[in-house]
Amino acid sequence: MKGSLIILALFASGIGIGMTGTVPESFLHTSPAKWLLYALAAQIGISIGYSGNLRKTFGKVTLRSLSLPLGTMIGTLFMSALAGLCLGRFALTDYLAVGSGLGYYSLSSVLIIDLKSDTAGIQTATQLGMLAMLTNIIREMTALIGGPWFARLCGRYAPTAAAGVTSMDVTLPMIIRCSGQELFPVALMHGMVLEICVPVLVTIFASL
């Protein structure tokens with residue numbers, strides 16, 4: 001819980017600092033988050049290599065493990081359809097396209113705007129693209145903050161499923177902390193499979 005509160009506080013602080021306009025524009029273009037992510041990935045690799053159980057760790061990745069990304073996709077699309085039926089502003093397929101981002105907010109939003117511009121108009125396409133971006137950013141933050149609770153209430157695989165595509169990068173340190181180091185290859189595989197599926201699913205639903 002303490003770690004989740006720290007993440008939430010840092011996120012809120014970042015928003016506050018950004019709103020003040022005191023951060024130099026050059027700082028934003030250097031993409032410090034990317035280098036922090038690289039450092040986290042290196043630290044995870046060092047920890048796993050130091051443990052000396054690489055064969056045992058990666059041996060946990062089996063064909064059965066593919067049921068996790070499949071379950072993530074089915075659950076996400078089901079909840080997206082349910083949200084679409086409740087909200088009703090856009091077509092059901094549009095909500096499915098938004099949900100198909102699976103946490104990959106940068107790619108899904110761009111794809112939706114590009115694919116929907118000709119059929120729905122630029123204004124509607126932009127609204128859907130923004131909805132996709134916000135939905136998937138919120139998913140990432142929810143996974144980062146709620147990871148410990150998900151693991152405690154729903155099992156050790158729940159944080160990985162909640163993270164979606166980001167289980168292979170941004171939320172990976174959180175998953176290892178909440179679910180154990182041995183889930184590293186499973187989380188990595190989960191994110192990679194979903195990343196491949198995102199453009200396919202988004203294209204299918206956005207084109208309907």
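This is a predicted model: local features need pLDDT of at least 70, side-chain atom pairs count only at pLDDT 80 or more; totals for chains, interfaces and linings use all residues.
1. Helix α7. The helix spans residues 105–120, and its buried residues are S108, S109, L111, I112 and K116.

2. The buried residues of α7 are covered by several elements, including α6 (92–99), α8 (122–154) and α11 (184–207). Just after α7 comes G121, which takes a positive phi of about 95°.

3. The second largest pocket. The space in this pocket amounts to about 370 Å³. Its lining is made up of 16 residues, and those closest to the centre are T76, M79, S80, G99 and T135. Two or more lining residues come from each of α5 (67–87), α6 and α8. Helix α5 gives the most, with 8 residues.

4. By residue class, the lining of the second largest pocket holds 7 nonpolar and 8 polar residues, together with 1 charged residue.

5. W149. Is W149 buried, exposed or partly exposed? W149 counts as partly exposed because its relative accessibility is 30%, and buried would require under 20%, exposed over 50%.

6. W149 and C178. These two residues are 29 residues apart in sequence. In space, the distance between W149 and C178 is 8.9 Å, taken from C-alpha to C-alpha.

Notes. Residues are numbered from 1 along each chain as its sequence is written. Side-chain values use heavy atoms; hydrogens and water are left out. Buried means under 20% relative accessible area, exposed over 50%, partly exposed in between (1.4 Å probe, protein chains only). Helices (H or I, at least four residues) and strands (E, at least two) are DSSP runs, numbered from the N terminus. Contact means heavy atoms within 4.5 Å. On a 1 Å grid over the protein atoms alone, a cavity is a set of points where a 1.4 Å probe fits but cannot get out, and a pocket is an open set with protein on both sides within 12 Å along at least five of seven lines; lining residues have an atom within 4 Å of a point. Grid points are joined across faces, edges and corners, and a volume is the space filled by probe spheres set on the points. Ala, Val, Leu, Ile, Met, Phe, Trp, Tyr, Cys and Pro count as nonpolar, Asp, Glu, Lys and Arg as charged, and the others, Gly among them, as polar.
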